[in-house]
Structure formats: C-alpha cells, structure tokens
Amino acid sequence: MTSDPEQILFVTRDTLFGQTMEKHLTDNGYKVSIVDTPYGEAGIAHPTTPALVLVDRRQQDIAQLRRASHLRTTPFIGLLPPGQIVDEEECVKDLEQDLDMVLFNQGYREIIARVRSVLRRARLGAISKSRYVIGRLCMDIDRHEVTVNGRSIELTPKEFRILPQLMGHPTRV
C-alpha cells in the first residue's frame with residue numbers, strides 16, 4: 001500500500017457487517033467510509049470520488065448511487081456477509097444492472113484479495129481504452145471529461161489530445 005490510503009465507500013445498513021468489513025479493510029491499509037444510505041454524507045453528496053464502492057447487495061437503492069456523476073466510472077462490488085448465499089439469477093440481475101462484481105459466500109480474506117485486485121486494475125487504467133485511470137486522475141474520452149479526485153478539470157483541446165498519450169504509457173518518460 002502507498003502512504004496515501006485508497007478510499008473505499010461501503011454502503012450498508014448492517015452495523016455488524018459494516019464494522020467487520022471496516023476492520024478487515026483498514027487492517028489492510030485502506031481508508032473506509034461507511035454510510036447506511038446512498039444519500040449519506042460520503043455517498044451521492046460527497047465531493048470526492050472513492051477508489052471503490054462496496055455495496056451490501058441487500059440495499060434497495062444501488063441504482064441511485066451508481067447514477068451519481070462522481071461515481072459513474074468507479075468500480076462497484078456487491079457483497080453479502082460470509083455464509084449468505086444468493087441464486088445465480090439474482091447475481092446475473094445485479095451484474096446486468098449496476099454492479100461490476102458480486103461476492104457472496106466468500107471469507108473476508110478472499111473479499112480483501114478481490115478488492116485489492118480490482119483496485120490494482122483500476123490504478124493501471126485497465127478498465128477501457130476510452131477511459132484512463134491513474135491514481136486519482138481519470139480521463140473519459142467518450143464523455144470528453146477529465147477529473148482529479150472526482151472534480152472536473154477543464155483542458156484545452158491540445159491538452160485533451162496529449163493527455164491520453166501520457167496516461168496510456170505511464171511508465172515512459
């Protein structure tokens with residue numbers, strides 16, 4: 001982990017599940033904000049973009065959170081507490097609607113490993129060729145949008161043409 005921990009937003013109404021996930025995530029170097037509703041202070045109204053959103057898939061208002069402009073390109077993982085099971089149809093429905101991944105019946109170690117994997121890919125900008133992500137800098141070519149920490153940045157046309165070249169090859173000087 002870097003010295004600046006990655007921010008994870010966890011939306012759950014289950015206090016025990018929230019506290020347990022927060023402990024496991026913070027023990028692994030992540031900064032966690034827990035809200036019990038997408039409308040909470042760290043949810044839709046929050047001015048910065050978390051690196052990842054974890055959603056207790058028992059929440060009924062996931063779609064509303066997903067539509068928040070600063071969270072549109074943030075990875076979303078649906079979770080259930082270990083030991084709880086859902087059927088394949090429910091998982092497929094979640095994936096087709098709003099979630100990028102659904103995890104159930106996994107232990108906390110596996111959940112943390114999957115969180116780490118998703119964040120690693122997001123840092124490398126491996127989400128899409130029309131979208132680049134390096135740390136807190138995000139560029140969506142299709143939307144003609146650049147954000148830093150979730151805040152929109154205005155670029156000149158020339159800067160907008162150059163930035164994908166730099167972000168596409170972050171290890172080159």
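Five strands make up an open sheet in the order E2-E1-E3-E4-E5, and the pairing is parallel. Strand E2 (31-35) and strand E5 (101-103) are at the edges with a single partner strand each, so one side of each has no neighbour in the sheet. On average, neighbouring strands of this sheet are turned by 20° against each other, direction ignored. Helix H1 (residues 15-27) packs on the sheet and touches strand E1 (7-11), E2, strand E3 (52-56) and E4. The direction of H1 makes about 170° with that of E2.

The model is predicted: local features need pLDDT of at least 70 and side-chain atom pairs count only at pLDDT 80 or more, while totals for chains, interfaces and linings use all residues. Residues are numbered from 1 along each chain as its sequence is written, and side-chain values use heavy atoms, with hydrogens and water left out.

Some terms need their cut-offs. Helices (H or I, at least four residues) and strands (E, at least two) are DSSP runs, numbered from the N terminus. Two strands pair if DSSP finds at least two bridges between them. Axes are lines fitted to C-alpha atoms, for helices over the stretch in contact, and angles run from 0 to 180 degrees between N-to-C directions. Contact means heavy atoms within 4.5 Å.

### Strand pairings

Strands of a sheet pair through backbone hydrogen bonds, either parallel or antiparallel.

Valine 11 stands opposite valine 55 in E3. Aspartate 56 has leucine 79 in E4 as its bridge partner, and isoleucine 77 has methionine 101 in E5.

Buried means under 20% relative accessible area, exposed over 50%, and partly exposed in between (1.4 Å probe, protein chains only). Five of the five residues of E3 are buried, so the strand is largely enclosed by the rest of the structure. Leu52, Leu54 and Asp56 lie on one side of E3 and Val53 and Val55 on the other, and both faces are covered.

Rings of Phe, Tyr and Trp (its six-membered ring) pair if their centres lie within 6.5 Å; planes under 30 degrees apart count as stacked, over 60 as edge-to-face and the rest as tilted. The count by this rule is one aromatic pair. Phenylalanine 10 and phenylalanine 17 form this edge-to-face pair, at 5.3 Å centre to centre with 85° between the planes. Phenylalanine 10 is buried at a relative accessible area of 0%, and phenylalanine 17 is buried at 3%.

### A loop residue and the whole chain

Glutamine 106 sits in the loop between E5 and helix H4 (108-123). Its relative accessibility of 15% counts as buried. Apart from neighbours within four places in sequence, glutamine 106 is in contact with Pro82, Ile111 and Arg114.

The protein chain has five helices and nine strands, in the pattern β-α-β-β-α-β-α-β-α-β-β-β-β-α along the sequence. Of its 173 residues, 42% count as buried. Among contacts between residues at least 6 apart in sequence, 55% join residues at least 24 apart.
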